[in-house]
Amino acid sequence: MAILHSLSLWLMAVLPFVQYCQAKTVNLDFNVTWVNVNPDGLHERKVVGVNGQWPLPVIEVDKGDRLVVNMYNGLGDKDTSIHWHGMFQNGTNNMDGPSMVTQCPVAPGSSITYNFTIPQNGTYWYHCHTDACYPDGYRQALVVHDNQSYFNDMYDEEYTVTVSDWYHELVEDIPFIRVENPTGAEPVPDSFLFNDTVSATNIPVEAGKTYLLRLINIGAFVAQYFYIEDHTFRIVEIDGVYVDEQEADTLYIAVAQRYSILVTMKNSTDKNYPIVTVADSELLDTITPTLQLNQTNWLEYNSSAAHPQAVMTVDTASDLVPYDDFKLVPHDRMALLPDPDMTIEVDVIMANLDNGAGYAFFNNITYTKPKVPTLYSVLTSGDFATNAEVYGEYTHPFILEHNAVIEVILNNQDTGSHPFHLHGHNFQVVSRTPSYGASFYDFVDGDPVAYNATENPSSSFPAYPARRDTFVAPPQGNFVIRFVADNPGVWFFHCHIDWHLQQGLAMSFIEAPKELQKQMSLSDSEISICKAADISYEGNAAANTVDLLDLTGQNKQLPWLPAGFTAKGIVAMVFSCVSAFLGMAFITVYGLSGIQTKKQETAVVTEQDAL
Ligand SMILES: *[C@@H]1O[C@H](CO)[C@@H](O)[C@H](O)[C@H]1NC(C)=O
Ligand SMILES: *[C@@H]1O[C@H](CO)[C@@H](O)[C@H](O)[C@H]1NC(C)=O
Ligand SMILES: *[C@@H]1O[C@H](CO)[C@@H](O)[C@H](O)[C@H]1NC(C)=O
Ligand SMILES: *[C@@H]1O[C@H](CO)[C@@H](O)[C@H](O)[C@H]1NC(C)=O
Ligand SMILES: *[C@@H]1O[C@H](CO)[C@@H](O)[C@H](O)[C@H]1NC(C)=O
Ligand SMILES: *[C@@H]1O[C@H](CO)[C@@H](O)[C@H](O)[C@H]1NC(C)=O
Ligand SMILES: *[C@@H]1O[C@H](CO)[C@@H](O)[C@H](O)[C@H]1NC(C)=O
Ligand SMILES: *[C@@H]1O[C@H](CO)[C@@H](O)[C@H](O)[C@H]1NC(C)=O
Ligand SMILES: *[C@@H]1O[C@H](CO)[C@@H](O)[C@H](O)[C@H]1NC(C)=O
Ligand SMILES: *[C@@H]1O[C@H](CO)[C@@H](O)[C@H](O)[C@H]1NC(C)=O
Ligand SMILES: CC(=O)N[C@H]1CO[C@H](CO)[C@@H](O)[C@@H]1O
Ligand SMILES: [Cu+2]
């Protein structure tokens with residue numbers, strides 16, 4: 001017995017090493033510079049390149065590997081950073097990447113080394129996370145291979161494919177948050193890319209074989225539908241979580257979401273089949289006549305056969321009925337988390353501040369960058385770290401207790417849908433109203449519907465809820481998510497539409513700050529990155545190191561508009577002020593068109609009232 005017992009102890013100690021004994025370090029050098037590209041064939045523009053290349057390198061690792069990326073900012077005129085989307089960064093919160101949340105922005109001429117292990121599996125991506133920067137091309141797939149997945153023997157080969165929206169101008173040159181655009185109408189993309197091109201992508205396939213396709217929306221704004229003519233497929237992964245295989249024919253991939261699907265080929269080789277991607281035009285305030293909303297690429301069975309254009313089966317994208325991701329069951333059967341220790345309930349609101357521009361809010365707060373990265377406030381505030389005041393009201397901080405079950409109830413009062421992302425975790429999606437698919441837009445024409453615990457009590461939640469890191473809130477609907485605060489860190493929760501993040505649709509979860517202080521301290525290299533960017537690295541959100549509860553001088557959101565001001569009032573005001581200079585077209589494009597299509601019904605305020 002004793003021998004058996006010690007043998008099993010030995011096995012327990014050694015098995016994890018056996019599993020990861022081949023774990024290697026993947027070292028990459030990223031020299032980030034501007035390069036010129038023309039991926040849609042319509043307009044050459046500068047984008048962020050890595051080592052002079054664009055599309056950027058797809059990062060591929062095996063589960064358990066360490067990834068070390070040494071990034072040099074050679075842009076010359078712009079700060080930057082990299083977020084490893086979906087990576088838990090357990091014990092390495094300082095490697096997460098969002099500027100002013102877990103690090104200082106990396107100034108031109110500075111370097112940073114990201115260094116972390118990847119004990120997860122599945123499909124991820126990396127992207128710039130400093131102000132709004134990834135729409136300028138700084139985004140690409142990150143694939144974690146796992147030869148122990150339950151579907152490892154169910155496919156022959158795999159392909160990774162990204163979809164994205166595309167703009168012809170640099171983000172900084174696209175006018176957005178300003179009084180001339182009081183409704184916050186999002187800039188309409190110029191194109192949609194399939195794997196960073198509009199040229200035909202032919203995925204070579206062989207009859208009878210099965211392929212794993214990893215699909216990632218690396219766009220800044222617009223979700224895309226995906227289907228393959230005459231083929232169904234099986235969903236096996238969402239956002240790094242294996243799910244029980246589920247047959248589907250259409251997906252809705254919001255920005256930042258990932259799906260892995262198994263597609264089995266037909267036995268015939270006389271035809272090629274369209275892979276169809278359709279932009280969710282419901283998200284667009286105006287559709288430019290030249291904008292190509294849908295694209296055809298091909299499963300290529302036979303390169304000498306025809307490559308037929310897709311035959312659109314619907315008139316508008318929203319007539320497509322995608323598979324409801326809420327119904328997916330994680331393969332690991334992680335059970336519904338118990339009732340929460342802490343509930344955070346927020347309303348998503350679009351409103352104007354007193355400069356007349358449109359901002360986005362959780363309740364009454366639009367996220368405003370602190371003067372010190374929030375993680376560094378944790379690391380330099382000692383026992384005060386558990387006091388939310390230290391982080392300033394405008395980072396919208398919530399202190400989460402170590403290992404507490406957290407529930408977030410999100411009520412979307414906006415008529416647009418929003419894909420919300422949590423850093424550092426997957427969350428269980430335990431409720432969504434209305435459901436995905438045909439009823440998704442049901443609440444658009446009525447009043448917003450908040451989560452109602454009487455109608456949807458926890459007893460009605462799924463036994464094995466879907467888990468993912470990015471989940472879509474329906475227009476004027478709501479969702480409820482749960483996770484365990486078992487990963488000490490400062491984790492950003494935000495809308496992944498980059499325009500809405502720019503408008504402040506974010507809040508900060510400060511998870512187990514005392515545990516976090518035990519895990520890490522501010523390093524010399526982190527301090528020198530802050531110094532190079534001329535940013536404070538100690539003290540509270542106002543960079544006060546003496547009195548941590550004195551927030552004098554913190555960055556604040558602008559004051560509210562006086563009561564009575566509305567988006568329409570602002571348009572009226574702007575119209576009367578600037579029409580003389582700029583003419584009617586200006587107003588039509590940036591003001592009125594937004595209001596008409598947003599159905600933002602507000603009291604009509606006359607020109608005089610507004611002024
Ligand atoms: C599985 O992948 C690991 C790396 O994660 C590698 O060391 C191992 O050799 C692979 N096993 C097989 C059977 O391919
Ligand atoms: C980065 O690339 C630019 C342009 O090729 C080059 O001038 C520069 O020396 C490189 N810097 C580093 C640190 O590799
Ligand atoms: C990465 O981190 C590991 C563990 O802390 C350390 O041993 C290694 O030296 C680091 N590598 C680099 C390049 O900083
Ligand atoms: C998509 O683009 C990446 C990067 O350029 C490339 O590695 C990959 O093979 C492409 N996928 C397909 C299906 O062509
Ligand atoms: C292709 O042929 C195989 C073997 O004859 C059969 O099992 C399979 O069902 C066929 N596949 C399709 C899609 O018809
Ligand atoms: C497909 O694209 C064309 C051209 O942009 C457009 O007219 C049509 O409405 C689109 N159909 C859907 C369903 O998006
Ligand atoms: C490929 O398509 C061509 C043109 O239709 C046809 O002549 C040929 O037989 C096909 N090849 C196979 C292997 O099906
Ligand atoms: C938000 O609302 C709370 C509670 O009503 C109030 O104390 C706080 O001052 C408000 N904050 C802002 C920025 O309006
Ligand atoms: C929640 O639903 C119950 C049952 O339908 C209803 O009686 C109640 O008024 C609802 N609560 C709110 C706040 O709407
Ligand atoms: C982080 O690691 C701890 C153990 O070190 C583990 O208990 C916890 O579940 C992990 N959390 C995540 C999100 O990976
Ligand atoms: C979250 C998730 O799906 N994790 C899986 C990673 O891969 C291992 C081995 O294949 C699974 O056991 C995990 O469930
Ligand atoms: Cu949003």
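**Entry 1. Ala543**

I began with Ala543, which touches Lys371, Val372, Ser536 and Glu538 when residues up to four places away in sequence are not counted. I took contact to mean heavy atoms within 4.5 Å. I then placed Ala543 in the loop between α5 (524-533) and α6 (567-582). For these names I used DSSP runs numbered from the N terminus, with helices being H or I of at least four residues and strands being E of at least two.

I looked up the exposure of Ala543 and found it partly exposed, at 26% relative accessibility. Here buried means under 20% relative accessible area, exposed means over 50%, and partly exposed lies in between, with a 1.4 Å probe and protein chains only. I also noted that the C-alpha atoms of Ala543 and Gln554 are separated by 7.8 Å, the two residues being 11 apart along the chain.

**Entry 2. Basis of the model**

I record that this is a predicted model, in which local features need pLDDT of at least 70 and side-chain atom pairs count only at pLDDT 80 or more, while totals for chains, interfaces and linings use all residues. Residues are numbered from 1 along each chain as its sequence is written, chains are lettered from A and ligands numbered from 1 in the order in which they are written, and side-chain values use heavy atoms, with hydrogens and water left out.

**Entry 3. The protein overall**

I recorded eight helices and 30 strands in the protein. Of its 611 residues, 58% are buried. I found an accessible surface of about 23,800 Å², with 51% of it belonging to carbon and sulfur atoms. Such areas come from the Shrake-Rupley method with a 1.4 Å probe, and for residues only the protein chains shown count as cover. Among contacts between residues at least 6 apart in sequence, 79% join residues at least 24 apart.

**Entry 4. The copper ion**

I asked which protein atoms are the donors of the copper ion (ligand 12). They are His418 (ND1), Cys495 (SG) and His500 (ND1), lying 2.0 Å from the ion. Donors here are N, O and S atoms within 2.8 Å of the metal (3.2 Å for Na, K and Ca); water is not among the atoms, so sites may look incomplete.

I wrote down the sequence spacing of the donor residues as H-x76-C-x4-H. His418 in strand β24 (residues 418-422) and Cys495 in strand β29 (residues 489-495) are 77 residues apart, a pair that links distant parts of the chain. I checked both for burial: His418 has a relative accessible area of 0% and is buried, and Cys495 counts as buried at 1%.

**Entry 5. Ligand 7**

I listed the surroundings of ligand 7 as Thr269, Asn302, Ser304 and Ala305. A residue is near a molecule or strand if one of its heavy atoms lies within 4 Å of it. The protein covers 38% of the 360 Å² of accessible area that ligand 7 has on its own.

I sorted the shell of ligand 7 into one nonpolar, three polar and no charged residues. In this scheme Ala, Val, Leu, Ile, Met, Phe, Trp, Tyr, Cys and Pro count as nonpolar, Asp, Glu, Lys and Arg as charged, and the others, Gly among them, as polar.

**Entry 6. Ligand 1**

Around ligand 1 I found Gln22, Asp62, Lys63 and Asn147. The protein covers 42% of the 360 Å² of accessible area that ligand 1 has on its own. An N or O atom in the side chain of Asn147 is 2.4 Å from an oxygen atom of ligand 1. The shell of ligand 1 divides into no nonpolar, two polar and two charged residues.

**Entry 7. Backbone geometry**

Most residues other than glycine have a negative phi, and most peptide bonds are trans. I therefore noted Asp239, which is buried at 1% relative accessible area and has a positive phi of about 50°. Asp239 sits in the loop between β14 (233-238) and β15 (241-248).

I found a positive phi near 85° for Ala256, in the loop between β16 (251-253) and β17 (258-264). Ala256 is buried, with a relative accessible area of 0%.

I also logged a cis peptide bond between Trp54 and Pro55, with omega about 0°. Pro55 is in the loop between β2 (45-50) and β3 (59-62). Another cis peptide bond joins Thr433 and Pro434, with omega about -10°, and Pro434 lies in the loop between β25 (427-433) and β26 (467-468).

Notes
A polar contact is a pair of N or O atoms within 3.5 Å; within protein, one must be able to donate a hydrogen and the other to accept it, and residues adjacent in sequence count only if both atoms are side-chain atoms.
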